[in-house]
Amino acid sequence: MTEGLPKKPSLKRPIGAERKSFSADLGLVAVDAPTGWRTLPAIIRPSVDGVELTTWAEGNRAFVDAHLATHGALLFRGFDGADLPGLATFVKALSGDLLEYRERSSPRTHVTANIYTSTEHPAHQSIFFHNENSYAHTWPLKLFFLCSVEPQVGGETPIADCRQIHRALDPTIRDTFARKRVMYVRNFSEELGLAWQTVFGTSDRDAVSAMCLDAGYEIEWVGRSGLRTKRVGQAVARHPRTGELSWFNHAAFFHVSTLEPDVRDALLEQYGEDRLPNNTYYGDGSPIEPSVLDHLRESYADAKVMFPWQQGDVMLLDNLLVAHAREPFDGPRKIHVAMSEPCTEHDV
């Protein structure tokens with residue numbers, strides 16, 4: 001399907017290349033904005049000493065919103081108050097209350113005030129590109145990442161512009177997904193992955209059944225402790241504020257073929273496809289072709305942008321416009337995450 005598509009330029013370049021700088025807010029900050037075919041991230045730095053992040057943000061919300069709509073990702077670097085106690089106040093200054101992490105798909109630890117650790121997968125593993133909770137009934141429109149302890153080796157959080165991905169996809173593939181949508185099949189058990197009690201925040205089966213019905217899930221209780229859910233969601237979303245189309249789903253992330261080969265083979269041998277913790281299909285239940293999944297993964301890779309974390313960095317993502325991932329790392333690494341502004345498929 002991809003024969004004849006133009007070769008896309010690689011986006012795997014260090015940030016700082018091909019940028020223009022300009023001052024803003026009476027000289028308090030400077031913005032390094034990507035130019036040309038790159039869109040993200042824009043780096044915002046203080047131009048003078050002593051600029052406190054939340055105080056500055058409170059008076060410049062429109063400025064931040066405008067740059068976020070353009071670039072999809074903003075990296076605040078070198079500000080005072082860019083620490084764990086300051087993260088919650090920064091989020092509230094820009095976008096209101098912090099959201100609880102619901103309909104979970106990854107292990108995290110709650111730290112404080114709806115601030116969580118980043119996904120706690122083993123350090124030697126990479127985490128594929130995804131838009132937070134795009135498989136779910138409700139997702140956050142904004143994500144905030146704070147680097148509390150910078151990794152010494154690896155541990156970057158790659159980002160990718162989903163507007164670019166949408167434009168670059170083979171039109172036949174893109175249109176098929178837009179028409180059929182994406183089906184997510186999840187199996188919850190005590191043996192593997194997150195328990196349904198953790199995902200839905202309750203051990204009351206009736207409450208979970210009502211919650212799933214309201215969110216558009218089909219459910220099947222399996223044995224004494226198991227639960228299988230199915231949900232069909234969007235593959236493409238129109239941003240509620242900018243009107244732009246974005247590739248917004250977990251189709252590649254949750255598909256079994258995206259796992260490392262040894263992990264994939266072990267899971268299939270032990271559980272079979274029907275009992276995998278996560279898997280994806282077209283919305284009508286038909287399988288997604290291997291060549292299509294390869295094309296999706298290649299499209300994310302072509303849009304990949306990375307930068308090394310520095311302690312005190314705060315990255316703000318528009319979750320509908322930008323996907324994120326994680327590189328393997330050695331040594332300590334502590335990234336905290338907060339979410340805000342709930343959004344549903346009715347909004348896009």
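**The largest pocket and its surroundings**

Modeller: The lining of the largest pocket comprises 17 nonpolar, nine polar and six charged residues. Here Ala, Val, Leu, Ile, Met, Phe, Trp, Tyr, Cys and Pro are counted as nonpolar, Asp, Glu, Lys and Arg as charged, and the others, including Gly, as polar. The model is predicted: local features require pLDDT of at least 70 and side-chain atom pairs pLDDT 80 or more, whereas totals for chains, interfaces and linings use all residues. Residues are numbered from 1 along each chain as its sequence is written, and side-chain values use heavy atoms, with hydrogens and water left out.

A pocket is an open set of points on a 1 Å grid over the protein atoms alone where a 1.4 Å probe fits, with protein on both sides within 12 Å along at least five of seven lines; its lining residues have an atom within 4 Å of a point. Grid points are joined across faces, edges and corners, and the volume is the space filled by probe spheres set on the points. On that basis, the largest pocket holds about 1100 Å³ of space. Of its 32 lining residues, His-121, Gln-125, Ser-126, Phe-253 and Leu-259 lie nearest the centre. Two or more lining residues come from each of strands S7, S11 (182–188) and S19 (322–326) and helices H8 (251–254), H9 (261–271) and H10 (290–302). These elements are DSSP runs numbered from the N terminus: helices are H or I with at least four residues, strands E with at least two.

Among these contributors, H10 has 13 residues and spans 18 Å from its first C-alpha to its last, close to the expected 18 Å at 1.5 Å a residue; the expected span is 1.5 Å times one less than the number of residues. Within H10, Val-292, Leu-293, His-295, Leu-296, Arg-297, Ser-299 and Tyr-300 are buried, that is, under 20% relative accessible area (1.4 Å probe, protein chains only).

Strands S7 and S19, which both supply the lining, also belong to an open sheet of four strands in the order S7-S19-S10-S17, with antiparallel pairing. Two strands count as paired if DSSP finds at least two bridges between them.

How values were computed. Buried < 20%, exposed > 50% of the residue type's maximum accessible area, 1.4 Å probe, protein only.
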